[in-house]
Amino acid sequence: MGKRTQQGGDAGPLLEQAVRSVLTAPEEGLDLALDNGASLLAASAGQWSAVSRALLGYADTAVGRCWSAGWRPADLVRVVRRGLKPVHLALAVDLIAAEGRRHPAAALDRRWLEQLRELEAEVWWPGDEQYLGAFAQRHRLDRFALATAVLELLRTWGRLPPIAPVGPGPGQAGRPRHSGPQHPGPPAGEPRMLARIRALLAKAESTEYSEEAEALTAKAQQLMAQHSIDDALLAAAGADRNAPAALRIGVDNPYEGPKTMLLDAVAAANRCRVVWAKEFGFCTVVGFDGDLDGVELLYTSLLVQATHALNKAGSRRDSRSKAFRQSFLVAYAARIRERLTAATERTTSAAAAGRHLREDGTEEQLLPDARLLPALAARSEAVDEEVGRLFPKLVSQRVRVSDGEGWAAGRAAADRAALHGRAGQIRR
């Protein structure tokens with residue numbers, strides 16, 4: 001792990017001066033501010049190690065300010081990926097890793113740790129005074145080019161507005177968990193049901209047989225619905241004090257509108273709500289914790305299926321046109337909404353009649369539970385209240401369809417998507 005050393009001079013004031021000038025520069029004066037700031041930082045090879053040390057110290061403030069404003073690691077990286085270049089992305093991950101040295105793993109929630117693992121945010125440099133030199137060598141940059149990239153990144157992060165938080169930041173207390181008996185816990189923080197759903201969807205995406213994929217994904221959706229029902233009954237019995245939570249899922253161009261519609265279809269079928277922040281390229285999904293995990297997995301799987309289906313959508317000359325593809329994906333999302341809603345209603349009706357799906361996929365007959373439907377209604381109401389608290393001002397947006405054949409092809413592809421079929425009938 002990189003070490004903070006105290007050798008050399010203090011370049012902190014110099015770095016802060018350069019960052020301040022870039023942060024406050026208007027767009028028409030930004031190039032000049034960047035040139036002047038980068039020249040200050042890169043003017044002397046002798047002060048480069050001090051600038052390096054100052055930068056990683058400044059990351060504690062710059063990145064920590066973003067955490068306090070509601071941003072999370074994947075959000076900061078997504079903003080950089082959308083607006084800057086690969087070198088800025090590499091810098092962003094490193095600065096997140098540098099700031100992360102302040103927080104032991106025990107001070108981070110499960111999703112925060114997952115994001116750091118996915119980003120591979122690790123301290124790879126031997127000492128802070130050597131960081132910029134090692135980075136420049138890795139990416140074949142001179143001091144001026146690297147200093148410019150640093151200032152561009154810090155300007156981007158420094159101008160981010162506060163957003164609604166979707167979970168505890170480092171060291172902050174999370175939401176209360178189950179106060180009653182716990183299910184047997186999975187390793188590495190992954191809920192057992194989530195691990196099973198993940199495995200089913202991975203098999204559904206990898207199989208070459210559509211009927212097997214349909215059965216696998218249908219089983220995953222059925223498990224998601226049953227898990228939500230089990231949680232609702234725990235709450236009704238007073239054994240579960242969980243409150244609604246939230247997560248953010250990236251939704252980027254092209255066709256970000258239809259992709260958001262697909263996410264909303266998956267979320268609605270699983271008693272969650274979606275709020276789209278178009279300018280930042282993400283959606284906030286609000287729901288109960290187990291439902292959120294399933295929504296993220298199923299949306300990702302269906303998006304893969306939709307992309308494959310779109311790429312195979314006939315040989316028409318205009319099947320690659322923007323209008324066709326937009327209409328295809330809108331129709332796909334609309335039809336998936338219908339099918340998912342029907343699947344959830346079937347699972348709920350079965351549960352109300354006392355038929356319970358075990359985690360191993362088998363069914364058992366129990367006595368009907370009159371608490372179920374009121375408990376589910378209470379959870380939906382709690383989610384709506386949380387959305388209102390996080391987002392007091394919401395605006396609806398329409399997505400237009402301009403290609404009838406694209407619409408028809410999208411609905412047909414959604415009918416073929418891996419959702420239908422009787423549970424348990426997995427062909428091998």
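This is a predicted model: local features need pLDDT of at least 70, side-chain atom pairs count only at pLDDT 80 or more; totals for chains, interfaces and linings use all residues.
Colleague: Which element gives the largest share of the largest nonpolar core?

Modeller: This core holds 62 residues, and Trp71, Leu76, Leu95 and Trp157 touch the most other members. Helices H1 to H8 are the elements that each give two or more residues to this core. The largest share, 12 residues, comes from H3.

Colleague: With which residues is Leu76 in contact, leaving aside its neighbours within four places in sequence?

Modeller: Leu76 is one of the core members that touch the most others. Beyond those sequence neighbours, its contacts are Val63, Cys66, Trp67, Trp71, Ile96, Trp157 and Leu160.

Colleague: Asp94 is buried; how far away is the nearest side chain of opposite charge?

Modeller: Asp94 belongs to helix H5 and, leaving aside neighbours within four places in sequence, is in contact with Glu122, Trp124, Trp125, Tyr131 and Phe135. A salt bridge requires a nitrogen–oxygen separation within 4 Å. Asp94 has no salt bridge, and the nearest side chain of opposite charge, Arg138, is at 5.7 Å.

Colleague: Is Ala199 buried, partly exposed or exposed?

Modeller: Ala199 is located in helix H9, residues 192–206. Buried means under 20% relative accessible area and exposed means over 50%. Because its relative accessibility is 39%, Ala199 counts as partly exposed.

Colleague: How far apart in space are Ala199 and Leu216?

Modeller: In sequence, Ala199 and Leu216 are 17 residues apart. From C-alpha to C-alpha, their separation in space is 9.3 Å.

Key:
Residues are numbered from 1 along each chain as its sequence is written. Side-chain values use heavy atoms; hydrogens and water are left out. Helices (H or I, at least four residues) and strands (E, at least two) are DSSP runs, numbered from the N terminus. Buried means under 20% relative accessible area, exposed over 50%, partly exposed in between (1.4 Å probe, protein chains only). A nonpolar core is a set of buried Ala, Val, Leu, Ile, Met, Phe, Trp, Tyr and Cys residues joined through side-chain atoms within 4.5 Å. Contact means heavy atoms within 4.5 Å. Lys and Arg count as positive and Asp and Glu as negative; His and the chain ends are not counted.
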